[in-house]
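Please open the model in a viewer and keep the selection panel at hand. The stops below proceed from one selection to the next.

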Amino acid sequence: GSLLPEMGAPDTLEMFDARLTQWNGIRYRLIKQTTESNWKRFGDNFYLQDTGASELIVPTGFSLTGVKIEGPKLMEDDKGKFWYVRASGVAIFQGAVIEITRSLSSRDPFFCGKDGHINYTEIRPENVEGKCVTQLRRKAVCTLFALNGLDAAELEKGGLRIDKIKAVEFKTGSRGGSAPVESSQNKIKRLMQWVQGQDKAL
């Protein structure tokens, strides 16, 4: 049935409060199913990695239907050629229906490493497609169960030890010293946008 009670019912607010309590209970139980190694820390926020999200798919019982894959396409810009894939689907859980999209290219740090570059011919297009679908599933899990960008208090409530979670460090300076130095705060902001798939350019 629907996650929300019917508007106008005499006990609407009471039912809604009960739903929220139930929903938060699900979230924290899911966090307890993960381990510290399933998370990464970016600044003050924590992000569930692909492996951790994959382990929650079966326990939650949600479905990701109508998955469509565009690509892999060989594209080109001023930096050269690269593989590009876009995946989309519909995540469904107890009446909640959310459209999810995720895009990925062979320039992703997963393939090239930080600040690295690998020629597109050295990367198999099907690997880019597979990783994109994996990240689509991760995004579906984290969106449905509000597991994106959690803070320390939320993870600790879920039973995790914050000191055991690895942080992504940002060093001052740039390669070769010729480019302007970007602040760590801005790097964190951009990387968080990239993790959530909000910035296609990144």
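Select residues 63–77 and 80–93: these are strands β3 and β4, which pair in the antiparallel sense over 11 bridges. Strands are DSSP runs of E of at least two residues, helices are runs of H or I of at least four, and both are numbered from the N terminus; two strands count as paired if DSSP finds at least two bridges between them. The model is a predicted one, in which local features need pLDDT of at least 70 and side-chain atom pairs count only at pLDDT 80 or more, while totals for chains, interfaces and linings use all residues. Residues are numbered from 1 along each chain as its sequence is written, and side-chain values use heavy atoms, with hydrogens and water left out.

A hairpin of two residues joins β3 to β4, and D77 has G80 of β4 as its bridge partner.

Next, select S106, in the loop between β5 (96–105) and α3 (109–112). Is S106 buried or exposed? S106 is buried, because its relative accessible area is 2% (buried means under 20%, exposed over 50%, partly exposed in between, with a 1.4 Å probe and protein chains only). Leaving aside residues up to four places away in sequence, S106 touches F82, W83, F111, C112, I123 and V128 (contact means heavy atoms within 4.5 Å).

Move on to α4 (125–144). This helix has 20 residues and reaches 29 Å from its first C-alpha to its last, close to the 28 Å expected at 1.5 Å a residue; the expected span is 1.5 Å times one less than the number of residues. Its buried residues include V128, K131, R138 and L144.

Beyond α4, select A146, whose phi is positive, near 50 degrees. Most residues other than glycine have a negative phi. A146 lies in the loop between α4 and α5 (152–157) and counts as partly exposed because its relative accessibility is 35%.

Finally, display the largest nonpolar core, where W39, F62, F145, L147 and L155 touch the most other members among 35 residues. Such a core is a set of buried Ala, Val, Leu, Ile, Met, Phe, Trp, Tyr and Cys residues joined through side-chain atoms within 4.5 Å. Elements that each supply at least two residues of this core include α1 (12–33), β2 (45–48) and α2 (50–60), and the largest share, seven residues, comes from α4. End at L155, which touches I31, W39, F46, L150, L160, I162 and I165, not counting residues up to four places away in sequence.
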